Amino acid sequence: MSRILFALLMLLNVAALGLWFVLGLAAAKPSHTPVVSVVGFFLLPALLLGAVALLYLRGPWAWSRALAIGIAALPVLIVAASVLLARGAAWREGVSADNWGRPDPVAQQALEAAIAARDAVAVGRIAADRSGRINDAAALVAAIRLLEQDSAALDPLRALLQAGLKPGANSAGEAPLESAIRVSRVAGTEPVHLLLQAGADPNLRSASSPAWFAALAPRTHPDVLPLLLERGADLRAIDMAGSGAVYWAAYHQNWVATALLIERGADWQAVQTQNGQGLRQLVETHLRRAPSDPALTRLAGLLRPTR
């Protein structure tokens, strides 16, 4: 039995070596490398296989055959491990395990075309039938951006989530939750709520900051930030530059969000504007310009020193 196993492993290795040689020659560009160097490069693994065969046939130790089988099996084990790792990485990122984790472009285009056509039935069918062969984040972002054109077109997003697409999957650009927060100005809180119900993480970093920082922009729906805080948005989070949520809320002059963050316990004492003003001084400056602004009045009261 061991002889058959060893012979099969050696045949696989020889076949792989031959394929490597042929593909290497086919892909190689014109070069001035000496032929001796090229032959020597491919001869080295062939000599190693010969040494393994000799170890199996003429090995001086009782365990020589087991060692030779183990060495012969190493390339097979490495290939198998790399495939498993690629599939694991693809599952984690929400993309295809085919083509080393890249999504199937045909399936992706078909899905995004169905999203643009607002065909929720086709969206659900493609997402379910080709699960794992599409980029989850890209498909979800496409469905969310559709809401900028038609705020009532929630069915494609619902179909994607029902098909099992992962809203936590990040992409090269925005995370799905960040996109949903941005479109809340026209679509309301429902897209954000759907993603959070499906497991989206508010603290998932997208680009330079956590996804929930998008809720600090002034035109975001006012009910989105409380929803994110209830779902575990980290008040201690910072962006790549070291700035926290209170800084960005004040930077955008989103006084309602600034007050809410401070009420929930966010640190504001160390916040400084680009011109060196502290938060209290900044709010007082704006309050002098707009003394009747209820959000500024409320925030100023929170920042007033206690005796």
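This report walks through the helices, cores and loops of one predicted model.

## Ground rules

The model is predicted, so local features need pLDDT of at least 70 and side-chain atom pairs count only at pLDDT 80 or more, while totals for chains, interfaces and linings use all residues. Residues are numbered from 1 along each chain as its sequence is written, and side-chain values use heavy atoms, with hydrogens and water left out.

## The big picture

The protein has 15 helices and 2 strands. Both are DSSP runs numbered from the N terminus: H or I with at least four residues for helices, E with at least two for strands. Of the 307 residues, 38% are buried. Buried here is under 20% relative accessible area, exposed is over 50%, and partly exposed is in between, with a 1.4 Å probe and protein chains only.

Contact means heavy atoms within 4.5 Å. Among contacts with a separation of 6 or more, 68% are between residues 24 or more positions apart.

## Two nonpolar cores

A nonpolar core is a set of buried Ala, Val, Leu, Ile, Met, Phe, Trp, Tyr and Cys residues joined through side-chain atoms within 4.5 Å. The largest one has 66 residues, and the members touching the most others are Leu160, Trp212, Leu228, Leu261 and Leu279. Take Leu261: leaving out residues up to four places away in sequence, Leu261 touches Trp212, Leu216, Leu225, Leu229, Leu235, Ala245, Val246, Ala249 and Ala266. There is also a second, separate core of 11 residues, with Leu49, Ala68, Ile69 and Ala73 among them.

Helix 6 covers residues 136–149, and its buried residues are Asp136, Ala137, Ala139, Leu140, Val141, Ala143, Ile144, Leu146 and Leu147. As background, an α-helix has 3.6 residues a turn, so residues three or four places apart point the same way. The buried residues of helix 6 pack against helix 4 (105–116), helix 7 (155–162), helix 8 (176–182), helix 9 (184–187) and helix 10 (190–197).

Asn135 sits in the loop between helix 5 and helix 6 and counts as buried because its relative accessibility is 17%. At the start of helix 6, a side-chain oxygen of Asn135 comes to within 3.1 Å of the backbone nitrogen of Ala137. A polar side-chain atom of Asn135 is also 3.0 Å from the backbone nitrogen of Ala138. For the record, a polar contact is a pair of N or O atoms within 3.5 Å; within protein, one must be able to donate a hydrogen and the other to accept it, and residues adjacent in sequence count only if both atoms are side-chain atoms.

Val123 belongs to helix 5 (residues 120–129) and is buried, with a relative accessible area of 0%. Beyond its neighbours within four places in sequence, Val123 is in contact with Leu111, Ala114, Ile115, Pro156, Ala159 and Leu160. Val123 and Arg158 are 35 residues apart in sequence, with 9.6 Å between their C-alpha atoms.

Leu161 is part of helix 7 and counts as buried because its relative accessibility is 16%. Setting aside neighbours within four places in sequence, Leu161 is in contact with Leu140, Pro167, Leu194, Leu195 and Ala198. The C-alpha atoms of Leu161 and Asp136 are 9.5 Å apart, with the two residues 25 apart along the chain.

## Helix 14 meets helix 15

The axes of helix 14 (residues 279–289) and helix 15 (residues 294–303) come within 10 Å and cross at roughly 150 degrees. These axes are lines fitted to C-alpha atoms over the stretch in contact, and angles run from 0 to 180 degrees between N-to-C directions. On the helix 14 side, the contact uses Leu279, Arg280, Val283, His286 and Leu287; helix 15 brings Leu296, Thr297, Leu299, Ala300 and Leu303.

Helix 14 also holds Thr285, which counts as buried because its relative accessibility is 17%. The side chains of Thr285 and Gln277 are joined by a polar contact of 3.3 Å.

## Two loop residues with positive phi

Most residues other than glycine have a negative phi. Arg118, not a glycine, has a positive phi of about 60 degrees. Arg118 lies in the loop between helix 4 and helix 5 and is partly exposed, at 37% relative accessibility.

Gln253, also not a glycine, has a positive phi of about 55 degrees. Its loop runs between helix 12 (245–251) and helix 13 (255–263), and at 45% relative accessibility Gln253 counts as partly exposed.
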